[in-house]
Amino acid sequence: MKYIYIIPILNPDSHDIFEYFVRGTSQLLDKNGDGIPSNDLYADITGDEWIGYLYTTDESKTRTGDIGYESKDLDGNGWLGDDSWASGYDINRNFDFQWAPEHAGISGGLSAASEIETQHIQNFLKETPLDALVTVHTGIQAVLYPWGYRDTDQSNPEEVADIEFMANTAEKMRKAIEQTTERNYYVSNSYHDYQTYSELLDYAYGVHGIHTYTMEVICEGYDESVSYKPDRNPDAYENPENFDICLWNDPKWEGSRKEYIPYEDFVEIMEKNGLSPETVKVVDRTTKEEKTLSEMKPAYIYVSSSERNQRGTYVAEDQDKLVEGAKNAFLEMVSAENGEKVVGWKAIDGKWYYFNEYGVMETGWVSVDGHWYYFNEYGVMENGWVFVDGHWYYMDQWGAMETGWVFADGHWYYMDQWGAMRTGWVSVDGHWYYMDQWGAMRTGWVSVGGYWYYMDQWGAMQTGWVFVDAYWYYLNSDGSMAASQWIGDYYVQADGAMATNTWIDRYYVDASGRWVKNA
């Protein structure tokens, strides 16, 4: 038996504590070394309800310097946002594999697996035998596989073959999530996306030999007009233009804001927030020197904001598709890792299921070989009556949806061209039939809307003269029973029965019901 373990959030305490960054640990750090942790929190100084990263630019709007994230410089050192809550350790850079101070930087922690969150995950992997593992992220739209810290060792045939298997599996996962979400995804080893050290991807594979995949399900920021550059290498971040790596499918998406604020206007914004261009610091991109904002003399302040800088505020309009796509990609990985894929019909414990081309179990309506079938929420094919979206449908003994006449439970029912059971009047092959509130075809006398109708033994509505239970009745062209009126030389009484051997006012009808003239 195979088991699937799901860990929704690796660091739930941080998710509740951090305002702008949810992958770091909840431990608050003294990022700028002033002895007080997290004492320069981000602040929306521009008043646009976004937290933007600030750059200086020249007249041509080319970026010339880096200021930092919006803040009020609460620690007074001139650097904006340099000690916010986002300065927690990144647990995905803290695993005990290829960890080193020169690679860890500030975000990687004080030592390998120094954080309790990292330790819990490592202990889980040590105690739980796994064949494969998928980590789910939001940031780009990709499926990544090992390694992250280096490229594949082409001199090691075993490694080449194993990573080729993961690359092929990642490609299958990409197709599954792309088809479901109708978004664009790419496949890459993590190193070629960008180089990382001590992340879970490499730890699980490098220490435990677990085939590991990183599934980035959606971009959280950047501009919808730009696309990922598949030939990008680990040095790409040195060119800031290569940082726009998402390919968006929805041009109406408003998940980012970019604005060039004239320098004079930005000085006014700073002064309202207790800041001064004489003290706010900038890193000159050309000289790499530290300068004040007034020394840079910029033409504009470029504000690059995305909901990536907000705490969980971006929820995709089609998030259900994203969840479904991630699930399908995961199941594709499971099939590939198991070395088998069930496609089509499969009987399990006496019940029938149907699996699509990706090996994903179907639910709801599915068309197979020209027939429609319905699978319940557990994937089980239904037989007999099925109630879906306010309509009743009937599935035969093989599960195929019926249309037209259906005999079930001792009654006849009529299903329209879409399989939905009809009630009320139904016209079929030039005849009218009446189906009661439960859909059953009526025969004999039927009262509808204050009128009586007569349906023969096959349910067809009658017109003209009919003989029922020893009496003649007359049914109008619309099928309604005539009453208290002459029909030619015959008279039908209030109950609709033709009168015989009796006077109708001053007229006499004989045993046949015909008016006897001059009687």
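Modeller: Glu171 and Arg174 both sit in helix H4 (residues 157-181). They are three residues apart, about one turn of the helix. Helices here are DSSP runs of H or I with at least four residues, strands are E runs of at least two, and both are numbered from the N terminus. This is a predicted model, in which local features need pLDDT of at least 70 and side-chain atom pairs count only at pLDDT 80 or more, while totals for chains, interfaces and linings use all residues. Residues are numbered from 1 along each chain as its sequence is written, and side-chain values use heavy atoms, with hydrogens and water left out.

Glu171 and Arg174 form a salt bridge (a side-chain nitrogen of Lys or Arg within 4 Å of a carboxyl oxygen of Asp or Glu). Their closest N and O atoms are 2.6 Å apart. Glu171 is partly exposed, at 27% relative accessible area. Arg174 is buried, at 15%. Buried means under 20%, exposed over 50%, and partly exposed in between, with a 1.4 Å probe and protein chains only. Salt bridges that share partners join Glu171, Arg174 and Glu178 into one network.

The rule gives eight salt bridges. Another joins the side chains of Asp66 and Arg285, at 2.9 Å from N to O. Asp66 lies in strand E2 (residues 63-69) and Arg285 in the loop between strands E8 and E9, so this pair ties together parts 219 residues apart in sequence. Asp66 is buried, at 19%. Arg285 is partly exposed, at 25%.
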